[in-house]
Amino acid sequence: MGVDGVSDRLTVSRLGGFLEWSLLMPRALVTGVTGQDGQYLAEFLNQQGYEVFGLVKGQSNTRADIVAEEFPFIEMVSGDLQDLTSLVSALEHVQPDEVYNLGAISFVALSFKQAELTANVTGLGVLRMLEAIRIVGGRDNPMRFYQASSSEMFGKVRETPQNEQTPFYPRSPYGVAKVFGHDITVNYRESYDMYACSGILFNHESPRRGMEFVTRKVTNAVARIKLGLQSELMLGDLSPRRDWGFAGDYVRAMWLMLQQDQPEDYVVATGETHEVREFVQLAFAAADIEDWERYVKQDERFMRPAEVDLLVGDATKARTKLGWKPSISFPELVTMMVEHDLKLESDKLRH
Ligand code: NAP
């Protein structure tokens with residue numbers, strides 16, 4: 001290891017002169033670059049001096065156009081986790097030092113409705129990327145691999161809090177697909193001596209969270225209620241508890257995992273747990289609305305066929321080995337999201 005948890009590979013390139021620097025700039029390929037984590041990770045890697053490439057799917061991808069405009073340093077490369085040939089081509093073109101596999105059908109509710117698609121992208125997609133790395137990479141051209149595993153793999157939890165040794169018991173097609181992705185990553189690491197890591201990340205949110213996820217649905221609805229654009233907020237069960245952190249903190253942990261001497265898996269979590277109800281209450285409070293209960297309606301349509309238990313992570317290993325810790329508290333996260341959505345909705349009103 002070099003300084004500040006940065007690998008020697010990277011330190012050497014940092015210490016070089018300008019010409020050397022540009023020649024040795026590490027290269028990263030990020031799948032899921034149009035998603036919440038992909039954007040934070042691309043920004044972070046750029047700040048670390050990487051050349052950043054983003055895998056984008058489809059022949060006309062509106063989200064990719066928006067992200068390309070906001071982050072002009074990302075070079076977009078076409079490819080789909082359902083298509084091995086496209087992954088091989090992407091790797092041949094980019095020749096990355098590091099591959100971050102964040103692409104997935106990531107919305108649990110959708111995974112119940114499109115279980116086969118979820119298994120294909122979120123599960124088999126990992127196998128395809130690992131195979132593509134084996135084909136294009138190899139001993140002369142080693143590529144480090146990060147897999148975005150999830151606390152949803154713990155589902156009906158076998159112990160609390162959950163750590164790297166806790167057995168999996170997924171409760172959704174999404175969770176099942178993530179278990180496959182996790183296990184195949186471990187299997188390729190052990191079978192082919194690949195530098196492959198899984199980060200078992202607990203829920204992390206931000207103003208860039210998709211509107212379909214409950215936290216963003218809440219903060220956006222609160223902003224619209226505050227501005228008189230909406231009168232109620234329809235939610236499922238308010239009692240599930242989650243371990244919520246800030247996405248910007250979590251992408252730092254992904255990168256740190258790939259800078260270690262040995263590839264290993266890590267749980268990344270705050271270790272705190274809060275009910276959905278608490279998130280809702282704090283979000284209304286951040287917009288100075290006290291009588292929040294009159295706006296919230298419960299609707300069975302938003303309840304999962306099978307709910308996960310109390311998810312709370314034990315990130316001792318990430319704290320001690322990676323030196324990682326979260327920088328944003330739960331109330332700060334909720335306030336950040338509400339303030340962002342208040343501005344977003346007010347700006348829309350003005351234009
Ligand atoms: P997200 O916002 O839903 O982003 C998912 C990304 O996957 C999008 O960029 C999407 O691209 C891409 N994608 C979907 N299908 C694809 C395909 N067939 N080929 C290539 N790319 C495809 O997810 P996120 O919150 O950033 O999460 C990033 C990763 O971490 C995901 O794997 C997620 O399951 C995992 N994770 C997230 C959390 C969390 O709390 N956020 C926790 C644990 C694990 P389009 O825009 O083109 O659809």
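**Aromatic pairs and overall fold**

Phe 246 counts as buried, at 12% relative accessibility. The cut-off for burial is under 20% relative accessible area. The model is a predicted one. Phe 246 takes part in an aromatic pair with Tyr 40. Tyr 40 is buried too, and its relative accessible area is 12%.

In the predicted model, 13 aromatic pairs were counted. In the pair of Tyr 40 and Phe 246, the ring centres lie 5.5 Å apart. The ring planes stand at 80 degrees. Planes over 60 degrees apart count as edge-to-face, so the pair of Tyr 40 and Phe 246 falls in that class. This pair links distant parts of the chain. Tyr 40 belongs to helix H3, which covers residues 36-47. Phe 246 belongs to strand E10, made up of residues 245-246.

Trp 244 and Phe 279 are both buried. Elsewhere, one aromatic cluster is formed by Phe 154, Phe 168 and Phe 202.

The overall fold was examined next. The protein chain contains 13 helices and 13 strands. Its radius of gyration is 20 Å. The globule rule gives 20 Å for 351 residues, so the chain is as compact as a globular protein of that length. The C-alpha trace spans about 65 × 50 × 40 Å along its principal axes.

Of the 351 residues in the protein chain, 53% are buried. Contacts between residues at least 6 apart in sequence were also classed by separation. Among these, 77% join residues at least 24 apart.

The accessible surface of the protein chain is about 15,900 Å². Carbon and sulfur atoms account for 50% of that surface. Charged side chains comprise 36 positive and 50 negative ones. The centres of the two sets lie 3 Å apart.

How values were computed
Residues numbered from 1 in each chain as written. Predicted model: local features only at pLDDT ≥ 70, side-chain atom pairs only at ≥ 80, totals over all residues. Heavy atoms only, no water. Helix = DSSP H or I, 4+ residues; strand = E, 2+ residues; numbered from the N terminus. Rg over C-alpha atoms; globule rule 2.2 N^0.38 Å. Buried < 20%, exposed > 50% of the residue type's maximum accessible area, 1.4 Å probe, protein only. Contact = heavy atoms within 4.5 Å. Areas by Shrake-Rupley, 256 points an atom, 1.4 Å probe, with all protein chains shown as cover. Lys, Arg positive; Asp, Glu negative; His and termini not counted. Charge placed at Lys NZ, Arg CZ, Asp CG, Glu CD. Phe/Tyr/Trp six-rings, centres within 6.5 Å; stacked < 30°, edge-to-face > 60°.
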